[in-house]
Amino acid sequence: MNSFARFLLAGCLTAAANAAYADDADFLRSFQGNFAGKGIVKVTTEAPTVNVSCTFNSDATSTSLSLDGKCRGLVVVTRAISADLKSSGTKYTGVYVGSRTGPAQLNGSRSGNAINLGISWAKEVNGDRKARLTVEKNGEDGMRLTVTDVDPKTGKSVVTSRIDLRRT
């Protein structure tokens, strides 16, 4: 490949990377605002499902997303929940707080309208320390937070929480 072709290829790759960054920046900023909604939570894959009502404040910049909220279930039980994500290119890392095991590490990437994250719990949950969190843009004013884990008895994936939120 001649030097002009290399230069042209390098320029195209740089332009594509910058366009992808701008797209991710706009995507992250679209989560900015206050959200409220309902969903379900299971403490373990075998536990009964609990209906919850939640409110979240989302602070979003071109390279970060911070969700800070509360969910209430069974009328009297309230739990503070937060997630702080940072993006570096197409990769996302962060911390989730709200589990009874303590702060959990988050690591993943964006795919379409969703950020797909692996969760590393502070202690064992459902037989291991791994689960998945998806933060999904749902239309202009919606967001869905879904946690899935593997049932240690069946080996099947189980939704342990799904919260649908709308901008308020």
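So, aromatic pairs: a search of the whole structure, which is a predicted model, turns up two of them. As you know, such a pair is described by the distance of the ring centres and the angle of the planes, and I'll give you both values each time.

Take Phe27 and Phe31. Their rings are edge-to-face, with 5.2 Å from centre to centre and 90 degrees between the planes. Are these two residues buried or exposed? Phe27 is buried, and Phe31 is buried too.

The other pair is Tyr96 with Trp121, again edge-to-face, at 6.0 Å centre to centre and 70 degrees between the planes. This pair links distant parts of the chain, since Tyr96 belongs to strand E5 and Trp121 to strand E7, residues 114-125, with 25 residues separating the two. Both Tyr96 and Trp121 are buried.

Let me go back to Phe27 for a moment. Phe27 is part of helix H1, which covers residues 3-29. Why do I call Phe27 buried? Because its relative accessibility is 7%, and the cut-off for buried is under 20%.

Now, which charged end sits over the ring of Phe27? That of Arg110, 3.9 Å from the ring centre. In sequence, Phe27 and Arg110 are 83 residues apart, while their C-alpha atoms are 9.7 Å apart in space. Phe31 has a charge over its ring as well: the charged end of Lys137 sits there, 5.6 Å from the centre.

If we leave aside neighbours within four places in sequence, Phe27 is in contact with Tyr92, Arg110, Gly112, Asn113, Ala114, Ile115 and Lys137.

Starting with strand E4, residues 77-88: E4 runs antiparallel to E5, and seven bridges join the two. The E4 and E5 hairpin has two residues between the strands, and Gly89 in the turn shows a positive phi of about 70 degrees.

Next, E5 itself, residues 91-97. In a regular strand the side chains alternate between the two faces of the sheet. Which residues of E5 make up its covered face? Those are Tyr92, Gly94 and Tyr96, whereas Lys91, Thr93, Val95 and Val97 make up the uncovered one. So Tyr92, a contact of Phe27, is on the covered face of E5, and Tyr96, the partner of Trp121, is on that covered face.

On to strand E6, residues 104-111, which is antiparallel to E5 and joined to E5 by six bridges. Here Tyr96 stands opposite Ala104. The E5 and E6 hairpin has six residues between its strands, and Gly98 in the turn has a positive phi of about 150 degrees.

Finally, E6 and E7 are antiparallel, with seven bridges between them. Arg110, whose charged end sits over the ring of Phe27, has Ile115 in E7 as its bridge partner. Two residues lie between the strands of this hairpin, and Gly112 takes a positive phi near 65 degrees.

Note on methods:
Residues are numbered from 1 along each chain as its sequence is written. This is a predicted model: local features need pLDDT of at least 70, side-chain atom pairs count only at pLDDT 80 or more; totals for chains, interfaces and linings use all residues. Side-chain values use heavy atoms; hydrogens and water are left out. Buried means under 20% relative accessible area, exposed over 50%, partly exposed in between (1.4 Å probe, protein chains only). Helices (H or I, at least four residues) and strands (E, at least two) are DSSP runs, numbered from the N terminus. Two strands pair if DSSP finds at least two bridges between them. Rings of Phe, Tyr and Trp (its six-membered ring) pair if their centres lie within 6.5 Å; planes under 30 degrees apart count as stacked, over 60 as edge-to-face and the rest as tilted. A charge sits over a ring if NZ of Lys or CZ of Arg is within 6 Å of the ring centre and within 35 degrees of the ring normal. Contact means heavy atoms within 4.5 Å.
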